[in-house]
Amino acid sequence: MNATLNAHMQALARALGRMRTQPLATCLSIAVIAIAILLPLGLYVLFDNVINAASHLNTEPNVNVYLKLATSDQEAKDVEKKLRAHSNSAQVTFVSREAALADMRKRANLSDLLADIDTNPLPHAFSIKPLSFEMSILEAMRKEVLSIPKVETVTMDFEWAKQLTRFARFVEHLVILLGGLLGAAVLFVVGNTIRLQMLTQKDEIVVARLIGAPRRFVLRPFLYFGALQGALAGLLAVAATLGIGLWVGGEVNAFVASYGGNFFTQGPSFEQSLSVITVAGIMGWLGALISVSMYWRQIETSR
Amino acid sequence: MITFSSVSKRYANGYEALKGISFTIENGEIVVVTGHSGAGKSTLLRLAAGIEFASTGNVLVNNQNLAQLKETGISVLRQNLGLVFQDHKLLFDRNVFGNAALPLEIAGFTRIEIGKRVRAALDKVGLLHREKAGLVSLSGGEQQRLCIARAIVNRPSILIADEPTGNLDQAYAATILDLFRSFNQVGVTVLLSTHDGSGLEHLKCRQVELEHGVIVR
């Protein structure tokens, strides 16, 4: 057990030694891999924040019915009766024009604007919670409600939520696709670095094999090198994502706050960061393994 | 003990380097294989070290048939042999100490133990004062001595040296042969090859002469 641990520690030390002897090449490789990881990671974090922001918004599906401005209270009650009688109405809530104005006055940045208005510009309105959300039924409902006298417009405020969900799915697929492509890029970058390492250290490999080095003695430092490169690149990508998040997030948070929102952008969590570093390390190890497997025979035959 | 039993070696291009070689090197013996270039000396030594394998016949080292050993077994065998190569096979990106330390790194020794053993080996070949020197600053003779230090650092029971005096003047060659004799005197089995039989008289060794892959004497 001690001998195995010792062998692994020596391999790790040799991998670190190789990094130390080629600092510029190592840093460049790590930077390239970090950029490859940063793109899908950044997109994922952005997507995560959009979903998080969407969850703060009221996405309860409603059909909103706005009456004409000149509609009297009695006429509004007549409309309400018809709406309640509709086959797709689960719940109907009346929002009077006075209540709507009072609510608007409470909202930030609008009280000053509304103070100068003598008359109430808002109509009476109804919010209907539908029974069915099937688009064909909702479209039919919209037409039927629009045909009721005194009804000005009908909006379905969950349409945007559907669009957001569609967009989220698109981004999710994009993240997976980019992640896959850039994961392959990590394999290629690490693989190429290891190939160059093997070529520059060919003499040492040949001599070591001649004097009895087992395959694992030669290969382990390369595998550690690849894994270290991947993990360090993952760490750099996480740090860059956090840095960009802080830089851009401050502006976004201030922008949202100016509209009375309380949403705050978030960087990758500790678990996500750890996962990125681990996966990048594994990809680096895998890239190194593929590379050494490909070039091993070439070096062995040159003995 | 090394035993060659009806050993032949034919390369892929059809060239037959060894033809039915049979002889035994007993433990603690010193044997020098002589012969002109192309006689098969290097091939014989490479077979004994498990670097190449016999086409027919058997090579036994310490009663292990090399043809039957797996890759790991060959690695373990080579770790227990001291190998001195004709072209030294030293690493120019390592200093003297680093070159001599390589077999111990392979064997998994600790840094402290490596330090002790490497310095002892360098002391034996007279290179202790140059342990930090780069290889480019070493003369041909010093490089040969470093190669020997690397071969003995693991305290092997068998030393195999291919043309260890090849590029050295006679005086220096005698010094190198003396080194091998000193190792033999402490019980190490030594198998050397040389194309030049001169200077072997005082080595008190058995000579095996090869000619065109066949033992002639």
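Reply: Two strands pair if DSSP finds at least two bridges between them; strands (E, at least two residues) and helices (H or I, at least four residues) are DSSP runs, numbered from the N terminus. The model is predicted, so local features need pLDDT of at least 70 and side-chain atom pairs pLDDT 80 or more, while totals for chains, interfaces and linings use all residues. Residues are numbered from 1 along each chain as its sequence is written, with chains lettered from A and ligands numbered from 1 in the order in which they are written.

In chain B, six strands form an open sheet of mixed pairing, in the order β6-β7-β8-β3-β9-β10. β6 (81-84) and β10 (214-215) of chain B are at its edges with a single partner strand each, so one side of each has no neighbour in the sheet. β6(B) pairs with β7(B) in the parallel sense over four bridges, and there B:Gly82 lies opposite B:Leu159 of β7(B).

Helix α6(B) packs on this sheet, touching β3, β7 and β8 of chain B (contact: C-beta atoms, placed from the backbone, within 7 Å). The direction of α6(B) makes about 160° with that of β8(B) (between N-to-C directions of lines fitted to C-alpha atoms, for helices over the stretch in contact, on a scale from 0 to 180 degrees).

α6(B) covers residues 170-185. B:Ala173, B:Ile176, B:Leu177, B:Leu179, B:Phe180 and B:Phe183 are its buried residues (20 or more other C-beta atoms within 10 Å of the residue's own; exposed means 12 or fewer, partly exposed in between). They lie on the same side of α6(B) because they cover an arc of only 145° around the axis, taken from the directions from the helix axis to the C-beta atoms. These buried residues pack against β3 (30-34), α5 (140-152), β7 (158-162) and β8 (189-194) of chain B. On the other side of α6(B), B:Gln170, B:Ala171, B:Ser182 and B:Gln185 are exposed.

Definitions and conventions:
The expected span of a helix is 1.5 Å times one less than its number of residues. Two residues are in contact if their C-beta atoms, placed from the backbone, lie within 7 Å.
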